[in-house]
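Hi there,

Here is the structure I promised to pass on to you. Have a look at it first, and then read my notes below.

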Amino acid sequence: MDTAINLTSVYVSDLIGVAILLIILFSRGWDLPARKDESRILLALVSVSILNCIADLIVFRFDGMPGMFNYCLLLTDNAYLYLYNVIIGVGTFYLIIKHISHSSKGAYMVIFWIICVLEVVLLITNFFVPILFSIDDNNMYQRERFYFLFVVLGFVLIIYAYAYYILNKIQNPSLRYFPVIQFLFPVLLGNVIQMNYYGISLQPVSFAVALAAVSISLQHECLYIDKLTGVYNRYELDRALQKRFMNNKIRVLAMMLDLNDFKAINDNYSHDEGDNALIAFAKILQDSVANEGTVIRFAGDEFIVLVHKYKDMDPKLYANRIRARINTYNEKSDKPYKLSTSIGGKVFDPSQDDYKDLLTQIDHLMYADKREFYKKHDRRGRRNSDKA
């Protein structure tokens with residue numbers, strides 16, 4: 001195997017990586033409307049990836065150059081390159097978690113953190129006993145015996161995240177936008193080539209290409225996102241229903257919800273406060289459904305929830321779960337108003353029901369629930385509608 005470093009190829013690949021990432025950065029390809037958490041994670045991944053490209057260029061440029069300064073530079077920059085594997089694994093996982101369930105709680109986190117801790121322990125140990133890499137007396141970088149273990153653990157982090165994604169995508173077709181192959185393929189290809197051919201560097205540019213794919217795909221998804229609340233819009237509703245009902249073996253629980261007395265919030269506290277109420281309500285629905293279904297803003301204060309992991313549960317159980325979270329929100333909120341909702345839900349069987357009738361049926365069920373609400377409450381927020 002050729003052990004010579006091809007500096008020209010390193011410079012070219014790393015600078016291409018920096019150029020790609022800077023385009024994402026300054027064109028705000030990382031900025032996803034109404035999805036602040038995902039935008040922050042994507043921005044962080046782009047930023048650390050730029051540093052990764054620069055650090056990679058430095059370690060190849062100064063490898064073998066004498067002097068204590070160069071030794072310290074090589075030691076710290078190589079350590080960052082190893083740390084980057086942990087950062088990109090953690091970031092990718094959290095980006096997927098936020099994209100799917102908006103929550104970082106669950107048993108799946110145990111394995112994830114075990115892998116992260118193992119990698120960090122290996123990296124810290126390396127400063128005292130070289131087990132991943134070493135800088136010899138001639139300031140030459142050398143891979144050590146646990147190098148491949150560290151790389152494998154890094155791959156496991158990313159693959160574990162995507163396994164979690166794929167398992168959820170099987171149940172929830174609305175997750176189709178996240179680019180699985182587009183991200184994994186350049187990363188795996190670049191790292192495999194780099195591990196087998198010393199002297200070239202493809203890992204940094206492979207992550208740059210992968211992040212470009214993620215940014216483009218998520219920006220495309222934003223066409224189907226409601227800009228105010230961050231949940232899906234009616235474009236996604238049509239696509240989700242048609243795709244779901246093409247498979248006539250899987251039933252779906254559909255619910256229509258709207259806020260009671262929403263007009264009163266707008267009239268008494270301003271439309272800005274009405275927007276805040278909608279945002280809070282959408283967040284409650286997302287937390288209630290998590291990765292079990294899709295939340296869609298239908299119109300105004302009306303939302304639709306499609307539960308894809310539905311089995312034999314009573315629709316009232318989901319309604320009770322949502323109302324319990326609303327009560328918790330009201331108890332903790334300092335708003336001068338309280339949120340409440342009317343809900344109409346029904347289980348649809350694609351082999352027997354026509355999805356075109358779905359919206360009409362759950363709309364009628366929701367208004368029946370609303371009439372019961374207004375029998376017990378002031379009607380000041382009731383809409384001017386014969387159905388209500």
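The largest pocket holds about 610 Å³ of space. A pocket here is an open set of points on a 1 Å grid over the protein atoms alone, where a 1.4 Å probe fits and protein lies on both sides within 12 Å along at least five of seven lines; lining residues have an atom within 4 Å of a point. The volume is the space filled by probe spheres set on the points, which are joined across faces, edges and corners.

This is a predicted model, where local features need pLDDT of at least 70 and side-chain atom pairs count only at pLDDT 80 or more, while totals for chains, interfaces and linings use all residues. Residues are numbered from 1 along each chain as its sequence is written, and side-chain values use heavy atoms, without hydrogens and water.

Back to that pocket: 22 residues line it, and Asp37, Thr229, Ile279, Lys283 and Gln286 lie nearest its centre. Helix H10 (271-289) is among the helices that supply at least two lining residues, and H10 gives the most, with 6 residues. Helices (H or I, at least four residues) and strands (E, at least two) are DSSP runs, numbered from the N terminus.

The second largest pocket has about 440 Å³ of space. It is also lined by 22 residues, with Asn260, Leu339, Ser340, Phe373 and His377 closest to its centre.

As for the whole protein chain, you will find 12 helices and 6 strands in it.

Enjoy exploring!
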